[in-house]
Amino acid sequence: MDQLSPQDAQFLYMESGENHIQVTAVAIFDPSTVPGGKIVRFKDILAHIENRLHMSPLFRRRLERVPFELDFPYWVDDEHFDLEYHVQHSRLPKPGDWRQLCIQLSRFHARPLDMSHPLWEMLIIEGLDQIDGLPKGCYAVATKLHHAAVDGASMTSFYRALMDVDNKGTPAVPLNACEATHSPKPGIVDMAGRAVWNAVRSPIGMTDAVMRSAPTLYRMAQQALSSQKKTSKHPVPDTRFNCRASPHKMFDATSVELSDLKAVRKAVPGSTINDIVLCICGGAVRKYLKHHSELPKDSLVAWVPINARSGPMEDDEHPGNRVTAMTTRIFTNVEDAVERLQLIHKSTQRSKAAKAGISARLMTDLSQHVPSATLLTAGRLVLRAGMAARVCNLFISNVPGPQVPLYMNGAQQVATYGIAPLVDGMGLFIATPSYNGKITFNVTSTRETLPDIRFFIECIEKSLDELRKATTKPKTKKKRKKKTAAKR
């Protein structure tokens, strides 16, 4: 019996009628690379997906909830699985430009998944001919999955099962690498027996985990007490993003060269791409709030997920969630871009040292012993109390992707985007997936929170430009100095 882990289940319990905890990955394909000039039809895409269904258990399994939520739900085989129910087809209305694509993707993402079926849907969108930067004839494949089934890393693995490494159809993952797995439906007696066992085991397991982690807990307590005075000076400011998230989702994005971000790293030795992303986002939020005369004196705080997987193989073995997180200031109160990057680098180094190592493993260990009823109640209380607003202002998630071209049905993938979930108290999510030398800044918000989302995208682009200019040394000045010295 394949049961959801506590971390997977929490994404079910955190849902509300207006906010569904699901993620949408968007890939743009160019069919001009198909051998022989063959046209890719909807039936060809269906046939390709059907040929790869055995590559991931997520395709065919659905949730089976335990009565009265006495225990965590189970994954079971969907005895009525119908591929065409999960894959749909549409075309952009005129003029078929980028704005129209963003609107259609926002609506697709906002619609809840049918929880009685496997927790994924796919939408094929044609008519992208009027989008700048895309070849004529491109189409989009938007894949929506529930967060209870995947995190950022395992979603990449799920999507990789559908991809090829060339236009001839060579799978990115060998088709015989994964065996079809079955998740039989448990009987009511089996569920009741396991629920009782888990209820009895939870206090024992929790006590054991705490005792084994006592030295770590002691060190963490000392660190918390010593830094209490410092953190109290920098509370989480109240912003327009810390509001109730409505069902009217908004999405927009911009794409930049990954090499531009790598070049910036030289200005701050040791800094990472994630630091650069945080710095750009910090600058963009600063510009946006300042434009609206809403910039607080204290820096905004970002919630940043951290992949807790030991390696890529774990994605295939455990396609659910293996993630922890850190909170970090993004120094929106600092105008100078380089200074902001230096401060962010120091802040993330401290946060990673404290949370990505022992404490991350500790929290994962402890969470395995939280009873279902307790987690369900806690999730609802967090939503109703809006506790997210007390710990951070926004989500920022950087998910590295493959840096080589990928194909599907012979068509080359030319771009990738992502739409993320929101929760009450945190109405802004910036996701930055990368692919084949490019990285995209994807903004998810609501119509009420970010009505001028295109202006926010412009703020991101200006923030990157400022950082690039501030870290690029003018070569002309150096040459002039050398000539002057030679004359002397």
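Ser-293 follows α10 and has a positive phi, near 55 degrees. This is a predicted model: local features need pLDDT of at least 70, side-chain atom pairs count only at pLDDT 80 or more, and totals for chains, interfaces and linings use all residues. Numbering starts from 1 along each chain as its sequence is written, and side-chain values use heavy atoms, without hydrogens and water.

Student: Why is Arg-62 called buried?
Tutor: Buried means under 20% relative accessible area (exposed is over 50%, partly exposed in between; 1.4 Å probe, protein chains only). Arg-62 has 11%, so Arg-62 is buried.

Student: What makes the Arg-62 and Glu-64 side chains a polar contact?
Tutor: A polar contact is a pair of N or O atoms within 3.5 Å; within protein, one must be able to donate a hydrogen and the other to accept it, and residues adjacent in sequence count only if both atoms are side-chain atoms. The side chains of Arg-62 and Glu-64 are joined at 2.9 Å.

Student: How do you know that β1 and β4 pair?
Tutor: Pairing takes at least two DSSP bridges between two strands. Two bridges join β1 to β4 (residues 74-77), and the strands run antiparallel. In β4, Tyr-74 is the bridge partner of Gln-3.

Student: What makes β1 and β3 edge strands?
Tutor: The open sheet has the order β1-β4-β3. β1 (2-3) and β3 each have a single partner strand, so one side of each lacks a neighbour in the sheet. Arg-62 lies in β3 (residues 61-64).

Note on methods:
Helices (H or I, at least four residues) and strands (E, at least two) are DSSP runs, numbered from the N terminus.
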